[in-house]
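Please keep the sequence and the model in view while reading.

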Amino acid sequence: MTVPDRTSPAIDVRGLTRAFGGRRAVDGVAFTLRGGECLALFGPNGAGKTTLLRMLAGLLRPTSGTARIGGVAVPGGPAVRAAVGLISHASLLYGALTALENVELAAKLYGVREPRAAALRALEAMRVRDRAATPVRALSRGLQQRVSIARAMVHEPSVVLLDEPFTGLDAAGAAALTSALVALRSSGAALVLVTHNLDEGLSLATHVAIMTAGRFVRFEERGALDAPAYAAAYRELVARGA
Amino acid sequence: MNDSTLHSHAPPIAAPHAGTRGGGPDWLFVAAALAVAGTLVRAIWFTPIEAIQGPAQKIFYVHAPSAWVAFLAFGIVALTSILYLWLKDWRLDCVAESSAEVGVVFTTVVLISGPLWGKPIWGTWWTWDARLTLTLFLWFIYMGYLVLRGAIEDRAMRARYSAVLGILGALLIPFIHLSVYLFRTLHPMPIVLKPSAPSLPGDMLTTLLLSFASFTLLYIALLRARYRLATERDELEAEDRT
Amino acid sequence: MAPSTLTAALLIARKDLAIEFRTRTAFFSAVVFALLAIVIFYFAWDPTAVAAVDLAPGVLWVIFTFSGLLGLHRSFGVEMADRAIDGLLGAPIAREAIYLGKALANLVFVAAVQVIAIPAIVLFYNMPLAGRAALAVAAIALLAAIGLTAVGTLFSAMAVNTRLAELLLPMLSLPFFVPIIMPAAQATARLLSGRPVSEAASWLKILIAFDLVFVVACMLAFPHTIEE
């Protein structure tokens, strides 16, 4: 099976491990996420969060264990890549091209119908449509981030991986991103949101996890979790240098 | 850390050959050195002097087997490179690295012994003869290979990139050979592998065959010693990281 | 529906050429470099001993190679700046499409530099290039450019990730350009001195075989240089 389907869990991770040399950046991570759910992933720098996302996005081959997107193991073929949208630390944009050209190129590479209209809609959703004709390198860091998010969403992915997406966004940008993520969730997409900011993470999440030294040290449903108590527990875990 | 779960992507953390480390002389190397020394003694004192070329012809017993070993070494690089891209086993990369280094040493011997021989025979140190030129380009290609290895920090990337170069280098050799051959050639034609009976007198032929055998043994001994160094370095790097 | 390999390659090539057209820095520096080299080569020889026309085929192909290298270097630099390559790798397209697209853009770049450099050499060195010979040189130039970009695109993808980026690309690629420069220069020299095309045939065969082997080999090798 190479095409993701909607009956399998959106993300199914088992014993996922990635070693760089002898060091294990991700070490036996396991979790399952269904469509419409959102995992907020917290952890200090170097905990392995970005490595985990890069494996889920199919950019990095696991050393051992499996990650499945809609039932298909990654890195898989084009069909599973088409299901994923990645918002990374770097913008993944070409500085010399305009915002519209960047997003439209992504739309075409993903085979989106009417790529220009889709690109304009994505820019509109991130409230940067008025800058569509501006070369990306002339935009501020925050506006670049919005274009980068529009780029990742233009093909309406069913799994969205976000690595610190709120970094550099002002209040308007953060609000645009939050409403875009809420819309994605209610349309049945699964989200993995890596962040340092507990409040932002907890407000969107259905599940929460804390990652240190390559492992999930806590993983639970957001449910009735007491935010201040969780924040205190998180600070204690990080302070212990785990 | 539990080593048994480590996939072959990771360098061996537990030494698979702990018994071979340290203490005691490398007997294979001692045997190879003795064999080469014996062959040279035979070549210098117990093999008749070639009538036309005079004593200079004796360099042949170093030049020809070194050229053979260089080709063998680069053949091993190509073979292990293909296998590495397929199996992703670190040990194959270590063999490729070791074989390339030993091959460059023997290529250097060819490049030095060739002019030493050529000066009295052809009357000039350097001729742009087809096979000598090919050897020079071999030296360039595999020096490039070694520089490339030195310029990459990441262990896995180094292995992949050098495997790609190891394969392309082997593909390039026939093209360079053909080009320089068409360009000009005045190298003596192969004397041993003619379809008719070998034209070399019996004593000289025996010495030549002995030199091929002893140089091949020396190659194997050097390759083994260099390979151990490579795997031990990997282990040390792995220990550093954990 | 994700685009086919060819469609995706064309999209990527057009993107690269659009970026190059906006900035134009690499193109102009390659052209100026080629013109400078043409002039300097002329003064490096004694015109009373060696006629310019005898020199021309060699100069042509050496300059061709070095100015080509200048453009190749920038090819993957563009992708690495903001990790745009991750955007391409994440898209539902074949890895070969990325290689083909980059190589195609590089081919157009190299060809565009040559369109200026070759007539300049013909002019400065009084090459008797007209009619069939001009057509033949153009054909050789195209064959040479294909081989050069096939190998150069792959090595550019590798060199950009190393510590010696600028130095490593020529060091790795130049030995690979020997079976391009040598046949191209020899064939050109024979055509220019009015010999029949059949005399250049074995050189042209090497060139064509090189293109075929290395376009396929580099395309197969490329995924290994970008995937972790």
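## Chain B

How many helices and how many strands are there in chain B? Chain B holds six helices and zero strands, where helices (H or I, at least four residues) and strands (E, at least two) are DSSP runs numbered from the N terminus. Read from the N terminus, the order of its elements is α-α-α-α-α-α.

The model is predicted: local features need pLDDT of at least 70, side-chain atom pairs count only at pLDDT 80 or more, and totals for chains, interfaces and linings use all residues. Residues are numbered from 1 along each chain as its sequence is written, chains are lettered from A and ligands numbered from 1 in the order in which they are written, and side-chain values use heavy atoms, with hydrogens and water left out.

Chain B has 242 residues, of which 45% count as buried; buried means under 20% relative accessible area, exposed over 50%, and partly exposed in between (1.4 Å probe, protein chains only).

A contact means heavy atoms within 4.5 Å. Among the contacts of chain B with a separation of 6 or more, 79% join residues 24 or more positions apart.

## The interface of chains B and C

Chain B gives 29 residues to the contact and chain C gives 33 residues. Together they bury about 2600 Å², 81% of it on carbon and sulfur atoms; buried area is the accessible area (1.4 Å probe) that two parts lose on being put together, summed over both. Within chain B, the most area is lost to chain C by Tyr161(B), Leu168(B) and Phe175(B), together 24% of what that side buries.

One salt bridge is found across this interface, the term standing for a side-chain nitrogen of Lys or Arg within 4 Å of a carboxyl oxygen of Asp or Glu. The side chains of Glu153(B) and Arg163(C) form a salt bridge at 3.2 Å, N to O. Helix H4 (130-150) and helix H5 (155-183) of chain B each supply at least two residues of the side that touches chain C, and the largest share, 16 residues, comes from H5(B).

## The interface of chains A and C

Here the contact takes 25 residues from chain A and 29 residues from chain C. Chain A and chain C bury about 2400 Å² between them, with 57% of it on carbon and sulfur atoms. In chain A, Arg81(A), Tyr94(A) and Leu109(A) lose the most area to chain C, together 29% of what that side buries.

Two salt bridges are counted between chain A and chain C. The side chains of Glu101(A) and Arg22(C) meet in a salt bridge at 2.7 Å, N to O. Helix H2 (78-82) and helix H3 (99-109) of chain A are the elements that give two or more residues to the side that touches chain C, and H3(A) supplies the largest share, four residues.

## Arg42(B)

Arg42(B) lies in helix H1 (residues 27-45) of chain B. This residue counts as partly exposed because its relative accessibility is 23%. Not counting residues up to four places away in sequence, Arg42(B) touches Thr47(B), Asp203(B), Thr206(B), Thr207(B) and Leu210(B).
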